[in-house]
Amino acid sequence: MKQLLVLGAGTAGTMAVNKLRPHLDDDEWKITVVDSNPEHHYQPGYLFIPFGGYQPDEVVKPKSQLISDGVELVMGEVDIVKPDESQVVLADGTEFEYDQLIIATGTHPRRDQTEGLDSDQYGISIHDFYTLEGATRLAEVLADWPGGRLVTNIVEMPIKCPVAPLEFVFLADAFFTERGIRDKVELVYVTPLDGAFTKPVAAQHLGDMLDQRNIALEADFMTMEADGERNTLVSYDEREIPYDLLVTVPVNMGAEFVDRSGLGDELNHVEVDKHTFLSVDHENIFALGDASNIPTSKAGSVAHFAVDVFIDNFLQHIEGRPMTGQFDGHANCFIESGKGKALLIDFNYDVEPLPGKYPLPGIGPFSLLKETEANHWGKLMFKWTYWNVLLPGRELPLPAQMSMAGKTLARTAP
Ligand SMILES: Cc1cc2nc3c(=O)[nH]c(=O)nc-3n(C[C@H](O)[C@H](O)[C@H](O)COP(=O)(O)OP(=O)(O)OC[C@H]3O[C@@H](n4cnc5c(N)ncnc54)[C@H](O)[C@@H]3O)c2cc1C
């Protein structure tokens with residue numbers, strides 16, 4: 001019996017095992033997936049929790065309900081991968097041999113990587129919404145916050161869902177307007193990037209949206225520490241940004257075993273070929289989802305498109321044939337902008353987000369780089385689609401490769 005071992009039963013790991021099981025003969029391949037947390041979190045839902053849009057229990061389901069029959073789910077913490085022995089050891093000493101290994105252990109916020117963020121001020125003047133606990137606590141704080149200077153900062157890129165901090169400030173603007181205290185709240189958006197986003201057309205558009213909402217943009221800010229005594233963010237080049245309430249997006253890092261196993265870059269993201277997800281050093285190790293170092297957004301949509309390309313490649317690979325699928329870095333993200341509207345961006349390794357219509361050229365129903373109600377409903381519908389279509393491995397009628405059809409080239413940046 002051959003062994004396919006998958007580390008991580010989050011978005012990518014769950015989709016991969018559920019899609020692969022029907023293609024692999026039960027008598028030939030055993031599939032095992034290991035995860036340390038019995039709960040699956042719908043992480044895009046964290047965004048809405050601080051503003052009372054979702055309750056915490058609306059974004060959590062038991063992993064045991066989400067994994068197909070015929071796949072063994074093991075609860076345990078991965079301690080190390082020994083690539084030369086094709087072996088994985090868990091923290092409790094359990095050992096697994098594998099013929100093929102998929103690492104899908106994601107990336108996670110690490111407050112401990114920045115001076116002051118892991119201090120006794122966490123939960124008082126310093127908050128986050130990249131964890132369920134953080135988002136839940138922030139909801140309690142924002143519900144009766146009297147106003148002041150709310151600073152949202154990204155410590156370092158890459159982070160998962162790079163547009164989520166922007167969505168957070170757009171929703172904060174709408175939330176405080178609704179609460180009738182917007183004039184008592186100063187909103188500041190602090191980023192290490194040179195603008196509101198990475199790519200020029202989207203950066204211009206999203207920067208204009210910050211301006212329209214009177215949200216100050218502090219670009220090129222490399223956070224060195226949060227000084228808890230003075231409630232001030234300090235950068236490496238000694239700029240200072242005071243806050244009353246800091247909502248931070250800490251450094252995101254892959255699992256520590258990736259580093260221990262000699263498989264990662266400096267942020268513990270597994271080094272793979274960006275078109276096939278095959279490890280650069282090992283012929284029987286792949287990394288899917290946020291765990292890999294592919295240079296596109298770390299997002300559930302990317303995990304979905306990537307897994308679609310991966311399945312056929314994997315089946316070719318185990319038969320000793322060349323992998324013919326080439327992932328293009330396709331990402332698409334709804335950007336909630338408040339007051340019942342959202343934008344959508346669609347891009348890949350080579351093409352930046354451009355205006356237009358998606359998925360049907362000229363028709364939509366979604367509009368690219370434009371705030372519409374349809375986009376907002378698309379964002380809300382995504383939760384249902386995630387649990388009922390994506391995770392079970394059902395087909396969503398969207399091509400894995402990005403298409404230029406429906407996109408307007410006229411506004412491409414020089
Ligand atoms: C606030 C927020 C908003 C977001 N919004 C969007 C959005 O609108 N659209 C979008 O497409 N994406 C969004 N995302 C990103 C999306 O949730 C992730 O990109 C996606 O979940 C990545 O899937 P993954 O399988 O790579 O990792 P995950 O889903 O994080 O799964 C990783 C799994 O590995 C397990 N694990 C980790 N380490 C170990 C270990 N040592 N041993 C055992 N198990 C381990 C974890 O328990 C987890 O189950 C958002 C994320 C956040 C935080």
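Mentor: Helices (H or I, at least four residues) and strands (E, at least two) are DSSP runs, numbered from the N terminus. This is a predicted model, where local features need pLDDT of at least 70, side-chain atom pairs count only at pLDDT 80 or more, and totals for chains, interfaces and linings use all residues. Residues are numbered from 1 along each chain as its sequence is written, and side-chain values use heavy atoms, without hydrogens and water.

Trainee: Which residues does a cis peptide bond join with Pro 359, and where is Pro 359 found?
Mentor: Tyr 358 is the partner, with omega about 0°. Pro 359 sits in strand β23, residues 356–360.

Trainee: And what about Pro 158?
Mentor: Met 157 and Pro 158 are joined by a cis bond, with omega about 0°. Pro 158 lies in the loop between β12 (148–154) and α3 (164–178).

Trainee: Switching to phi: what is it for Ser 86?
Mentor: About 45°, which is positive although Ser 86 is not a glycine. Ser 86 is in the loop between β6 and β7. Asn 214 has a positive phi too, near 60°, in the loop between α4 (200–212) and β14 (215–218).

Trainee: Is Asn 214 buried or exposed?
Mentor: Exposed, at 61% relative accessibility, whereas Ser 86 is buried at 18%. Buried means under 20% relative accessible area, exposed over 50%, partly exposed in between (1.4 Å probe, protein chains only).

Trainee: How many residues of α1 are buried?
Mentor: 10 of its 10, in residues 11–20. Across the chain, buried residues make up 58% of the 414 residues.
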